[in-house]
Amino acid sequence: MSRFLFGITAFCGLGAMTMTATAADDKPVVILDTTLGPITIELDRAKAPITVDNFLKYVDDGFYDNLIFHRVMPDFMIQGGGFDDQLNEKQTRASIKNESGNGLSNTRGTIAMARLNAPNSATAQFFINLFDANSRLDSYGGGYTVFGKVTAGMDVVDAIAKVQTTTKSTAKGNLEDVPVKPIYIKSAKRKAKS
């Protein structure tokens, strides 16, 4: 079952080591290499530990490699992390606890988890916010968990937001707002610590 932002379109042995964790551990960086260029995302483990660890497991497993941005809404967000270019949904692990209300807001350039109607239903799909007005998602229907921000490549995010997409009359399968020409996440990798 696809994980969409339901209802939104209507609105248009580590004890000692853990204590001495470095800032890099609290702010891991992931690079999404897309068809249109790289997007660098800094994650916030201190504010969203469950969500960040979940996302990093998918990254480390190569889960996102060769998936597409399957939902692009230029007045809202770009969403990916769930479908291949034939719109087959990839099998995920169990859903995670919603960590919205963590002090991070759905504003331009932040990354958040997509989910079903139930607040604790996020798995692998994520979206990148295009506008500060998306802060309404912080509490909408239980909230959408922000877990990081784009630190480089917002020009790529904006370019993805401008691609031609399907409409209700041209929808692919059950999905609307799908880029007509697939925009791939060629790879998602952690940036090596320097």
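This report describes the strands, helices, cores and charged pairs of a predicted model.

## The barrel

Eight strands close into a barrel, and their order is β1-β2-β7-β5-β6-β4-β3-β8. The pairing in this barrel is antiparallel. On average, neighbouring strands of the sheet are turned by 35° against each other, with direction ignored.

Between strand β5 (residues 110-113) and strand β7 (residues 146-152) there are three bridges, and the two strands run antiparallel. Within this pair, Ile111 has Gly148 in β7 as its bridge partner.

Two helices pack on the sheet. Helix α3 (residues 49-60) touches β1 (29-34), β2 (37-43), β5, β6, β7 and β8 (184-190), and its direction makes about 115° with that of β8. Helix α4 (residues 154-161) touches β1, β2, β3, β4, β6 and β7; the direction of α4 makes about 115° with that of β2.

Strand β4 covers residues 77-80. Met77 and Gln79 point one way from the strand, whereas Ile78 and Gly80 point the other way. All of these residues are buried. In a regular strand, side chains alternate between the two faces of the sheet.

On one side of the pairing, strand β3 (residues 67-73) and β4 are antiparallel and share four bridges. The two strands form a hairpin with three residues between them. Val72 has Ile78 in β4 as its bridge partner. Strand β4 is also joined by four bridges to strand β6 (residues 126-129), again in the antiparallel sense. Here Gly80 stands opposite Phe126 in β6.

## Nonpolar cores

The largest nonpolar core holds 35 residues. Those touching the most other members are Ile39, Phe55, Tyr64, Phe69, Ile78, Phe126 and Phe147.

## Asp44 in the loop between β2 and α3

Asp44 lies in the loop between β2 and α3. Is this residue Asp44 buried or exposed? Asp44 counts as buried because its relative accessibility is 9%, and the cut-off for burial is under 20%.

Apart from neighbours within four places in sequence, Asp44 is in contact with Asp26, Lys27, Val52, Leu104, Phe147 and Gly148.

## Salt bridges

The model has six salt bridges. Side chains of opposite charge can pair when their charged atoms come close. One of the salt bridges joins Asp53 and Arg45, with N to O at 2.9 Å. Asp53 is partly exposed, at a relative accessible area of 33%.

Another salt bridge joins the side chains of Arg190 and Asp60, with 2.7 Å from N to O. This pair links distant parts of the chain, since Arg190 is in strand β8 and Asp60 in helix α3, 130 residues apart. Arg190 is partly exposed at 40% relative accessible area, and Asp60 is likewise partly exposed at 47%.

A salt bridge also forms between Asp61 and Arg93, whose closest N and O atoms are 3.3 Å apart. Asp61 lies in the loop between α3 and β3 and Arg93 in the loop between β4 and β5, so the pair ties together parts 32 residues apart in sequence. Asp61 is exposed, with a relative accessible area of 58%, whereas Arg93 is partly exposed at 33%.

Terms used. Residues are numbered from 1 along each chain as its sequence is written. This is a predicted model: local features need pLDDT of at least 70, side-chain atom pairs count only at pLDDT 80 or more; totals for chains, interfaces and linings use all residues. Side-chain values use heavy atoms; hydrogens and water are left out. Buried means under 20% relative accessible area, exposed over 50%, partly exposed in between (1.4 Å probe, protein chains only). Two strands pair if DSSP finds at least two bridges between them. A nonpolar core is a set of buried Ala, Val, Leu, Ile, Met, Phe, Trp, Tyr and Cys residues joined through side-chain atoms within 4.5 Å. Axes are lines fitted to C-alpha atoms, for helices over the stretch in contact, and angles run from 0 to 180 degrees between N-to-C directions. Contact means heavy atoms within 4.5 Å. A salt bridge is a side-chain nitrogen of Lys or Arg within 4 Å of a carboxyl oxygen of Asp or Glu.
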